[in-house]
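Good morning, and thank you for making time for this presentation. Please keep the sequence and the model in view while I speak.

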2 protein chains.
Amino acid sequence: MVDILHRIGVTASPDDVFTALTTIPGLAGWWTEDTTGDSAVGSVIQFRFPVADGGFDMKVLDAQPGEVVRWEVVDGPEEWIGTQIRFDLSQAGDYTIVLFKHEGWKEPGEFMHHCSTKWATFLMSLKKYVETGTGDPAPHDVQISNWH
Amino acid sequence: MVDILHRIGVTASPDDVFTALTTIPGLAGWWTEDTTGDSAVGSVIQFRFPVADGGFDMKVLDAQPGEVVRWEVVDGPEEWIGTQIRFDLSQAGDYTIVLFKHEGWKEPGEFMHHCSTKWATFLMSLKKYVETGTGDPAPHDVQISNWH
């Protein structure tokens, strides 16, 4: 089992970051504009990416205001299914620190390398979205390679 | 043991990417302007970061033109010492693919989360530097959090 790990600091309150992680408009503001579904705990959110012609369905496992959000991937690329994603929030001065984990990958293959870098750029989009009101969600996301 | 993994694609030749990874001016163009030392295999390169008031000494373990570059961290933050970094290069159409690994971390602590995101932004700086001639090396690097 191998994990993707990241850490960013957002100059905003934990509640503002939590809203960006737990509402459909919030998620559409930084990850992909094509976000639909129900973001309540126990429900499933659909994230779609036009360029890759695919996406992910995430079951919301947990959402503690200002503290943690956890998802399980219930549909998407084979390597993603059954993996879990968590965002742990804490405060450090003017920053809300987001510790990100995408855990439970079976193999550290080339696609996992790609997803790790792509997550970093999307987390920077989350930071920008919460701080300024405008992120870089798909289809306006940063292109990192031939895999988009 | 846990690893940091990334993948980017640079629209340039493997030789151009290799030069950016194996010469002092190349490294200074995307990672930190304060890069000194000898980049030959077996020698040590000093990378210094003014904001963090610290840096890393890397022994060059291997450098195969257009294929792979490997370093070992011989001085720097305690968590980095003894870890290894590798860049594997390959061609895919118009892209040179860089598979990046920073391997041998003892613990997946908060600093490792930070370094993973920071590596992603520096690899995007490498891509920009090779493609356009101008990267975002320290002290002009992208700030991701309170830890810079």
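I shall go through the symmetry, the sheet, the helix packing and the backbone exceptions in turn.

First, the conventions. This is a predicted model, in which local features need pLDDT of at least 70 and side-chain atom pairs count only at pLDDT 80 or more, while totals for chains, interfaces and linings use all residues. Residues are numbered from 1 along each chain as its sequence is written, chains are lettered from A and ligands numbered from 1 in the order in which they are written, and side-chain values use heavy atoms, with hydrogens and water left out.

Let me begin with the symmetry. Chain B is superposed on chain A by a rotation of 180° with 0.0 Å of shift along the axis, and the RMSD is 0.0 Å. The two copies are thus related as by a two-fold rotation axis. The superposition is by least squares on the C-alpha atoms of residues with pLDDT of at least 70 in both copies. Which residue of chain B comes closest to the rotation axis? That residue is B:Ala120, whose C-alpha lies at 3.1 Å. Both copies use the same surface, since 100% of the contact residues of chain B recur in chain A; contact here means heavy atoms within 4.5 Å.

I turn to the sheet of chain B. Helices (H or I, at least four residues) and strands (E, at least two) are DSSP runs, numbered from the N terminus. In chain B, 7 strands form an open antiparallel sheet in the order S1-S7-S6-S5-S4-S3-S2, where pairing requires at least two DSSP bridges between two strands. Its edge strands, each pairing on one side only, are S1 (2-10) and S2 (34-37). From one strand to the next, the twist averages 25°. Within the sheet, S5 (residues 68-75) and S6 (residues 84-92) of chain B pair in the antiparallel sense over 5 bridges, and B:Trp71 has B:Ile85 of S6(B) as its bridge partner.

Helices from both chains pack on this sheet. H3(A) touches S1 and S7 (95-105) of chain B, and its direction makes about 85° with that of S1(B). H3 (residues 110-132) of chain B touches S1, S3 (44-49), S6 and S7 of chain B, at about 20° to the direction of S1(B).

Next, the helix pair within chain B. Two packed helices are described by the angle between their axes and the distance between the axes. H1 (residues 14-22) of chain B and H3(B) pack at about 120°, with their axes 10 Å apart. That makes H1(B) oblique to H3(B), on a scale where angles under 35 degrees count as roughly parallel, over 145 as roughly antiparallel, 65 to 115 as roughly perpendicular and the rest as oblique. Axes are lines fitted to C-alpha atoms, for helices over the stretch in contact, and angles run from 0 to 180 degrees between N-to-C directions. The contact is made by B:Asp16, B:Val17, B:Ala20 and B:Leu21 of H1(B) with B:Leu126, B:Tyr129 and B:Val130 of H3(B).

Finally, the backbone. Most residues other than glycine have a negative phi, and most peptide bonds are trans. A cis peptide bond joins B:Ala138 to B:Pro139, with omega near 10°, and B:Pro139 is in the segment after H3 of chain B. In chain A, the bond between A:Ala138 and A:Pro139 is cis, with omega about 10°. B:His148, in the segment after H3 of chain B, has a positive phi near 70°.
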